[in-house]
Amino acid sequence: MFGNHQIEYYDDLKQCMSGAEAVILLTSWKEFEQVPDILQTFDSPPLFIDGRRMLSKERFDKYEGIGLS
């Protein structure tokens, strides 16, 4: 299904997003509320795509909201 790419799993949000070009949020779990604070610590934050529109776009440098509000 994923071709030659392997799926990597992480227990730590910061480690998971480190080096990413984009972060796509598809579920509105409470622990994802800390994503904006984590991304602000990166020198070059990735594009954030909020599939649940659960976070304020003003908290991101690069934000796209999709899905239901």
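A salt bridge is a side-chain nitrogen of Lys or Arg within 4 Å of a carboxyl oxygen of Asp or Glu. Keep that cut-off in mind while reading this predicted model.

Start with K30 and E33. Their closest N and O atoms are 3.2 Å apart, so the pair counts as a salt bridge under the 4 Å limit. K30 is exposed, with a relative accessible area of 60%. E33 is partly exposed, at 39%.

By this rule the count comes to two salt bridges. D37 and R59 also meet in one, at 2.6 Å from N to O. This pair links distant parts of the chain, 22 residues apart. D37 sits in helix α2, residues 35-39. R59 lies in the loop between β2 and β3. Both side chains belong to partly exposed residues: D37 has 42% relative accessibility, and R59 has 34%.

Now turn to D50, in strand β2, which covers residues 47-50. Why does D50 have no salt bridge? The nearest side chain of opposite charge, R52, is 6.9 Å away, and a salt bridge needs a distance within 4 Å. D50 is buried. Its side chain reaches the backbone nitrogen of R53 at 2.8 Å. Leaving out residues up to four places away in sequence, D50 touches L25, L55, Y63, E64, G65 and I66.

The lining has 20 residues, and L13, C16, M17, I24 and F32 are the closest to the pocket's centre. Two elements, α1 (13-17) and β1 (22-25), each give two or more residues to the lining. β1 gives the most, with four.

Key: Residues are numbered from 1 along each chain as its sequence is written. This is a predicted model: local features need pLDDT of at least 70, side-chain atom pairs count only at pLDDT 80 or more; totals for chains, interfaces and linings use all residues. Side-chain values use heavy atoms; hydrogens and water are left out. Buried means under 20% relative accessible area, exposed over 50%, partly exposed in between (1.4 Å probe, protein chains only). Lys and Arg count as positive and Asp and Glu as negative; His and the chain ends are not counted. A polar contact is a pair of N or O atoms within 3.5 Å; within protein, one must be able to donate a hydrogen and the other to accept it, and residues adjacent in sequence count only if both atoms are side-chain atoms. Contact means heavy atoms within 4.5 Å. On a 1 Å grid over the protein atoms alone, a cavity is a set of points where a 1.4 Å probe fits but cannot get out, and a pocket is an open set with protein on both sides within 12 Å along at least five of seven lines; lining residues have an atom within 4 Å of a point.
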